[in-house]
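The following exercises concern a single protein chain. Please examine the sequence and the structure before reading each solution.

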Amino acid sequence: MQIQTKFHGTIAIESDQNWSFPKGLPGFETENEFTLLPIEGNSTFQVLQSIHTSDIAFIVANPYTIAVDYSFNIDEPTIDLLEIEQPTDVFVLGVLSLKEPIETSTMNLQAPLIFQSKTRKAKQMILNDIKFSLRHPIGTQITQAEGKA
């Protein structure tokens, strides 16, 4: 299928690349189908692109590479909605707010995106945990993680 995207223009995707967000995203409740697209030359970030609305796209990344001590439990409503049976069926991404320079960008650790790879369902889960920030700076953690390598 052909879709119009915010950053990649018109592209062809396979329907098995789509992710269903049964309840949409907070603020975008009617947007239920997304795809994850690579960013050329950048293996850290991806684009979560709406299938139906080209202007709705989010830059996302693995939060565990940015906040090495990031940890939370998935709540029962999310487990039920996504039909999670095994922890290995799940991966997590965080939404970024990109700024110039890139080191000043932030990630929302309060509302991770939970993806269930077998059912191709996903949800943005609100944690309401004060130890995680809506605007966690990415520059410091990336530098610390790279320093450990």
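**Exercise 1: Strand β8**

In β8, eleven of the eleven residues are buried, so that the strand is mostly covered, a residue counting as buried under 20% relative accessible area. The model is a predicted one.

Task: Determine which strands pair with β8 and in which sense.

Solution.
1. β7 pairs with β8 in the antiparallel sense over seven bridges; V92 has I114 of β8 as its bridge partner.
2. Strand β9 (residues 121-124) runs antiparallel to β8 and is joined to it by four bridges. Here I114 stands opposite K123.
3. β8 and β9 form a hairpin with four residues between them, and R120 in the turn has a positive phi of about 60°.
4. Strand β10 (residues 136-137) pairs with β8 over two bridges, again antiparallel; T106 stands opposite P137.

**Exercise 2: The nonpolar cores**

Task: State which residues have the most contacts inside the largest nonpolar core.

Solution.
1. This core has 25 residues, and those with the most contacts inside it are Y70, F72, L96, M107 and I114.
2. Two or more residues each come from β5 (42-50), β6 (57-61), β7 (90-97) and β8 (106-116).
3. A second, separate core has 14 residues, including W19, L25, L36 and F115.

**Exercise 3: Residue S50**

Task: Decide whether S50 is buried or exposed, and identify the polar contact of its side chain with E31.

Solution.
1. S50 is found in strand β5.
2. Its relative accessibility is 0%, and therefore S50 counts as buried.
3. The side chains of S50 and E31 are joined by a polar contact of 2.4 Å.
4. A polar atom of the S50 side chain also lies 3.0 Å from the backbone nitrogen of T53.

How values were computed: Residues are numbered from 1 along each chain as its sequence is written. This is a predicted model: local features need pLDDT of at least 70, side-chain atom pairs count only at pLDDT 80 or more; totals for chains, interfaces and linings use all residues. Side-chain values use heavy atoms; hydrogens and water are left out. A nonpolar core is a set of buried Ala, Val, Leu, Ile, Met, Phe, Trp, Tyr and Cys residues joined through side-chain atoms within 4.5 Å. Buried means under 20% relative accessible area, exposed over 50%, partly exposed in between (1.4 Å probe, protein chains only). A polar contact is a pair of N or O atoms within 3.5 Å; within protein, one must be able to donate a hydrogen and the other to accept it, and residues adjacent in sequence count only if both atoms are side-chain atoms. Two strands pair if DSSP finds at least two bridges between them.
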